[in-house]
Amino acid sequence: MKKFWALFFWFWPLVAILVCAVAPSRGWWFPSAPLSTLGHQIDGLFYLILIIVTVTFVGTQAALGYALWKGATKGSTQKAWFSHGSHKLEIIWTIVPAFILVFISLTQLDVLAEIRVISKFPDSVRNAPVAEVMARQFEWRIRYPKPGQQLMNVPQPGDLYFVNEVHVPAAIPTMINLRTQDVQHAFFVPRLRVKQDAVPGLIIPVWFEIEKAGEYELLCAELCGWGHYKMKARIIADSPKGVSEYLTRLEQEQNEDGVAEVDASKEQ
Amino acid sequence: METSIKITLKNQVLLGLLALSVSGCSDGDSSFAYSQRTQSLIKEAQNGSEGGPGVKQTLDTRFGNPQQLKAWMKLPVEWGGSAASVESFAASDTEARIKFVAQEGVTLPAVASSVQFVTGEGAGQSIALTAWDEKTGEAVLAGVPDKTPVSGDLCVIDGGSTLKSGRVLYMRHCSHCHGAAGDGNGPTAQYMIPKPRDYRHGVFKFTSTNDQSKVSRNDLLRVLKYGIPGTYMPSFLLMKEDELHAIVEYVRFLSMRGEYERRLVNELASDYSETAVSDRLASEKASDIVEELQSFLKDEFPATAETLGDDLAEIWTSADTEDAKILPTVARVEDSAESRQRGRELYLSKTLNCADCHGIDGAGNGPQTVAFEKNPVTNELYPEAGLHDVWDNPNQPRNLQRGIFRGGRRPIDLFCRIHAGIKGSRMPSFKNTPHEDIWHIVNYLLSLQFESDPGTIAAKSVAPSETGE
């Protein structure tokens with residue numbers, strides 16, 4: 001029975017190795033492959049941490065199993081050795097994790113800078129947000145500049161409005177300005193690996209480059225109130241031409257004066 | 001599809017009602033709450049007697065409860081289901097097989113779980129289907145019916161499917177604010193200003209229909225899709241079209257139920273409310289009043305209840321017709337400084353008097369916002385200053401400088417708000433104002449948000465006394 005526990009704790013590292021080896025290729029960790037350029041880098045960081053954690057887990061479990069095995073096979077006459085108060089051990093288990101953590105924090109700096117530091121944003125988007133995404137309990141209100149104009153932080157005449165649907169160009173870097181009208185929300189697009197809190201009073205630029213045109217789910221990832229679950233929208237990535245056509249349509253709709261309908265009904 | 005059901009069923013006087021049970025609901029017995037006004041009637045008027053049903057029973061037999069909805073076919077609700085007729089019927093001791101033919105213009109559904117017979121001997125009975133083939137229209141009934149259907153009998157397959165799915169969606173997404181009966185008093189309603197809409201008046205604020213008309217289906221759909229900025233009503237844009245459609249029908253069903261309840265109570269309230277009866281007791285005997293009520297409930301009330309339903313059907317049907325729709329006769333006047341100036345003059349003019357509520361600079365702070373208003377029903381002053389809506393909630397005029405337009409920001413939306421007014425609120429209809437003038441005002445309103453100092457400019461450029469005479 002004593003040996004059973006050693007084998008038990010040796011068994012789990014084997015499972016962990018197997019899972020970690022198979023998981024990336026089977027897509028067990030993520031809802032889909034990353035579909036934005038930053039997404040690949042973020043996934044890369046995730047897998048790096050996964051490897052570190054797996055190695056640590058396997059190492060500690062192997063050591064645990066070894067200690068149990070030794071204890072099980074030694075005779076009962078031998079005295080136990082207590083490690084409590086061993087400075088040498090304490091220094092080792094402080095320095096090794098510290099080294100690992102510093103390594104991780106230095107490694108991710110570049111990616112973090114690309115996501116968060118405006119001066120590291122691609123030149124083409126740095127000062128050119130395509131839309132303002134205003135989170136509010138419990139929906140996303142979108143404001144586009146009038147076609148041909150720049151987006152300003154305060155609403156301008158001719159701005160276009162929509163709700164719960166953002167049209168952005170695919171295959172080129174895109175930036176939106178994220179704001180909130182009330183409490184904290186978070187702009188989360190799982191398939192793009194984009195997640196950014198919206199903080200009251202701040203205008204937070206968020207950039208991404210969607211690789212493929214298509215529809216992407218946008219969720220609120222910050223518990224923002226009783227209707228949090230309702231805060232679902234979609235991002236529609238389209239060719240730049242498609243986006244500008246959409247905006248033209250939206251502009252027409254928004255200037256609707258109901259008179260075209262009169263003409264149509266007269267003709268009938 | 002639904003239209004043909006209505007046409008088919010309209011002639012069937014016998015079957016005025018379809019029972020639509022919603023199975024698979026385990027959320028306990030929920031019921032449609034009766035309104036305060038119903039509960040202010042004396043018990044005999046609420047509950048009726050052997051001679052004739054009271055308000056509660058009249059309502060329940062026509063609308064049911066959330067588990068067991070009823071379709072009062074007279075009402076213009078798209079209940080859902082496919083109209084068909086029986087082609088052949090064969091029954092053994094244990095099994096009954098039936099073959100349906102779809103009515104013209106109707107396609108049989110891919111999945112079907114029940115059939116309700118509309119004509120023939122078995123009219124009114126509803127039987128579950130255990131097997132269904134959409135291609136041939138052949139089905140196996142769950143039991144052998146007592147009364148044998150014959151070829152040519154009309155029936156509805158999965159009658160009320162739209163209403164039932166609307167109920168499920170409504171309970172999940174809407175009822176926590178708007179309440180199970182649409183009384184605007186769900187559990188989360190207490191945290192909200194403004195309050196969620198109470199449908200039971202049958203009044204909706206933001207419509208594209210003229211001032212005397214009800215809300216159209218399309219108006220409700222727009223509100224569902226795009227939400228109401230400036231309130232807690234969120235957008236449900238991501239729902240599928242058929243889901244939105246089902247919710248719209250269910251909301252209309254609840255509105256009609258509530259409005260029907262109000263109208264029934266109106267028939268009784270002046271003579272048989274608790275307060276009216278206590279006044280009458282000064283000169284009359286209690287037993288006489290009850291006897292009089294009972295004979296009214298027996299002789300007149302059933303016919304009145306039917307007529308009220310007809311009235312309701314008529315006004316709700318007409319809301320979706322072209323006649324009800326507001327159609328500007330002139331195109332929007334091009335937005336220019338002159339047009340805005342003209343709009344401002346009209347805004348300040350004595351005839352339109354927008355500034356009385358919305359303030360001289362559109363900030364929503366006109367003199368009416370600090371005056372005490374009388375409740376038009378009770379004739380008592382409201383406890384707080386300012387304007388109130390028909391739901392008795394404080395309802396201050398919109399601050400037009402903020403660029404938040406609850407009913408939509410398209411020029412046509414603002415045009416409709418001015419033309420028809422905002423129903424249920426103190427915003428009156430300006431339907432007699434020339435359309436061109438309305439467009440000038442629209443241009444002015446849309447520009448207000450971008451004025452740096454709207455009040456000063458207004459005072460400098462136009463003195464209110466010079467205009468609008």
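In the predicted model, chain B is divided into three parts: domain 1 is formed by residues 1-81 together with 159-324, domain 2 by residues 82-158, and domain 3 by residues 337-466. The centres of domain 2 of chain B and domain 3 of chain B, taken over C-alpha atoms, are separated by 57 Å. Along the principal axes, the C-alpha atoms of chain B fill a box of roughly 90 × 65 × 35 Å. The secondary structure of chain B comprises 16 helices and eight strands. Of its 469 residues, 42% count as buried. Among the contacts in chain B with a separation of 6 or more, 68% are accounted for by residues 24 or more positions apart.

One helix pair of chain B was examined in detail. Helix 4 (residues 55-63) of chain B and helix 8 (residues 241-272) of chain B have axes that come within 10 Å and cross at roughly 155°. This angle makes helix 4 of chain B roughly antiparallel to helix 8 of chain B, and the crossing is right-handed. Helix 4 of chain B contributes Val55(B), Thr58(B), Leu59(B) and Phe63(B) to the contact, while helix 8 of chain B contributes Arg257(B), Tyr260(B), Glu261(B), Leu264(B), Val265(B) and Leu268(B). By class, seven residues of this contact between helix 4 of chain B and helix 8 of chain B are nonpolar, one is polar and two are charged.

Chain A is divided into domain 1, made up of residues 2-73 and 86-116, and domain 2, residues 124-256. The C-alpha centres of domain 1 of chain A and domain 2 of chain A lie 36 Å apart. Contact between them involves ten residues of domain 1 of chain A and ten residues of domain 2 of chain A. On the side of domain 1 of chain A that touches domain 2 of chain A, five residues are nonpolar, four polar and one charged.

Helix packing in chain A was described for two pairs that share helix 2. Helix 1 (residues 2-26) of chain A packs against helix 2 (residues 37-73) of chain A at an angle of about 165°, and their axes are 8 Å apart. Helix 1 of chain A is therefore roughly antiparallel to helix 2 of chain A. The two helices pass each other in a left-handed crossing. The contact of helix 1 of chain A with helix 2 of chain A consists of 19 nonpolar, four polar and two charged residues.

For helix 2 of chain A and helix 4 (residues 109-116) of chain A, the packing angle is about 145° and the axes are 10 Å apart. This crossing, too, is left-handed. Leu38(A), Gln41(A), Ile42(A) and Leu45(A) in helix 2 of chain A meet Val111(A), Glu114(A) and Ile115(A) in helix 4 of chain A. Five residues of the contact of helix 2 of chain A with helix 4 of chain A are nonpolar, one is polar and one is charged.

Between the chains, 23 residues of chain A are in contact with 21 residues of chain B. On the chain A side, strand 2 (139-144), strand 3 (160-163), strand 10 (232-238) and helix 6 (259-267) each supply at least two residues. Helix 6 of chain A gives the most, with four residues. The side of chain A that touches chain B has nine charged, eight nonpolar and six polar residues.

Terms used. Residues numbered from 1 in each chain as written. Chains lettered and ligands numbered in written order. Predicted model: local features only at pLDDT ≥ 70, side-chain atom pairs only at ≥ 80, totals over all residues. Axes fitted to C-alpha atoms, helices over the stretch in contact; angles between N-to-C directions. Parallel < 35°, antiparallel > 145°, perpendicular 65-115°, else oblique. Left-handed = near helix turned anticlockwise from the far one by under 90°. Nonpolar A, V, L, I, M, F, W, Y, C, P; charged D, E, K, R; others polar. Domains from an automatic or database assignment. Contact = placed C-beta atoms within 7 Å. Buried ≥ 20, exposed ≤ 12 C-beta atoms within 10 Å, placed from the backbone.
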